[in-house]
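Here is a short report for a first look at this structure. Please view the sequence and the model, then read on.

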Amino acid sequence: MILLRGGTVVTMDARRSVIRADVLVAEGRIEKIGRVRAAKAKVIDCAGKAIIPGLIQAHVHLCQALFRNHADGLELLDWLSQRIWPYEAAHDARSLGFSARLGIAELLLGGTTAVLDMATVHHTEAVLEAARESGVRYTGGKCLMDAGDGPLREETNAALAEAERLGRKWHGRGLIRWALCPRFALSCSEELLHAVRALGAREGWLVHTHASENRAEVELVRKQTGRDNIEYFDHLGLCGPRTVLAHCVHITESETRMMAQRGASAVHCPGANLKLASGHAPVPRMLAAGVNIALGGDGAACNNTLDAFHEMRLAATLHLPQFGPRAMPAAEVMAMATVSGAKALGLGAEIGSLEEGKRADIAVVDLSAPHCQPAGPDLHTTIVYCACASDVTDVLVDGRPVVRSRKLLTLDAARLAAEAGREMRRVLARISETKVSFRGN
Ligand SMILES: [Zn+2]
């Protein structure tokens, strides 16, 4: 048993209650929120701290954490073809596992407890092993690419067969769940997307892809399919409650209504959308239409951070010039990174809020530093506008402590940071050896 004692609990329940209370964790679940006397429990002192649901990022690429600061100054399609695809193709199992651990270390230390990830095409089990070792709540899968140019393209049936085999092997193992991850419309044949729909429906797996991130991408999809990007996915049956579409920057009004009606989730990635000069999704309009919107850092190669607080602050401020100063209340921004993220992952009944009976995915945030004080009457505001990843002191995932007093317990974060540069140089050396070309100008 673990007792989080004396904190302020930002529950993110339906009423967005914030209460002074203790939180008792037993057997992976939140047993009690209130005044607790439990003599046998291990105590974490939370005086002066906020106890919040573990943050959820519903769109990340752990395989790209190692490429941080190595892909700047490009728009999406050049960024992919000139940097990311050659980099991903040059991963071996070792560098990929390293990249996943580096990304997970950043995520857990910053209070993110659950992710929806898109791995790369090869060596997927290196990511899954890293996730298992780290204790993060991981949903994700092998990236599927069977169309277009580039070094990652696979034959359709071989790609699908591997995705099915790995999904059968890993889905439901501990905290790992499998997702089918076609990269984006331009990398996938219609045959592959049909098969993804059928396989996802049969196995109950999420379908996680990108849609309408960049204007040139949307134009190419329209040229190839005669439809807008999300409309095209809907036409293929890929716009339902188990579909998660990252970005949706250039979404049309009819696509917005479609996503709300079908129950598909969008993932807002403001940091990546700004850095790749993509634009930004009309989030207040989509929320008003009833679309479920989660939040994601996307990749460390296009952001260049996986800090959920950074994404919350951007989501809270980015839309105000267009939609007005009250368009993004802090509690609703926090909902995107908690309850809405849980819903996108299909885990709304299990995680996303601090309520008795739910799984104990919890972050403790120290609000005593000058940059958070005075805290003000609404703690959601302090967390969204003032707090940052380094204010997180303790993290539990499924009741298991993974961060204690700002120290990661499951991975060697200092070693990962110290050796990341050397590991990335090995990846770059493999690119020059194999002469994987950087296409474009
Ligand atoms: Zn992405």
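## Thr-410

The side chain of Thr-410 reaches the backbone oxygen of Ser-134 at 2.8 Å. Thr-410 sits in the loop between strand E18 (407–408) and helix H16 (413–434); helices (H or I, at least four residues) and strands (E, at least two) are DSSP runs, numbered from the N terminus. Thr-410 is buried, with a relative accessible area of 15%; buried means under 20% (1.4 Å probe, protein chains only).

This is a predicted model: local features need pLDDT of at least 70, side-chain atom pairs count only at pLDDT 80 or more, and totals for chains, interfaces and linings use all residues. Residues are numbered from 1 along each chain as its sequence is written, and side-chain values use heavy atoms, leaving out hydrogens and water.

## The zinc site

His-59 (NE2), His-61 (NE2), His-210 (NE2) and Asp-298 (OD) coordinate the zinc ion at 2.0 to 2.3 Å. Donors are N, O and S atoms within 2.8 Å of the metal (3.2 Å for Na, K and Ca); water is not among the atoms, so sites may look incomplete. Along the chain, the donor spacing is H-x1-H-x148-H-x87-D.

His-61 lies in the loop between strand E6 (55–60) and helix H1 (76–90), and Asp-298 in the loop between strand E14 (292–295) and helix H11 (308–317), so the pair ties together parts that are 237 residues apart in sequence. Both His-61 and Asp-298 are buried.

## Around Ile-52

Ile-52 touches residues including Val-10, Phe-309, Met-334 and Ile-383. Contact means heavy atoms within 4.5 Å; residues up to four places away in sequence are not counted for Ile-52.

How values were computed. Buried means under 20% relative accessible area, exposed over 50%, partly exposed in between (1.4 Å probe, protein chains only). A polar contact is a pair of N or O atoms within 3.5 Å; within protein, one must be able to donate a hydrogen and the other to accept it, and residues adjacent in sequence count only if both atoms are side-chain atoms.
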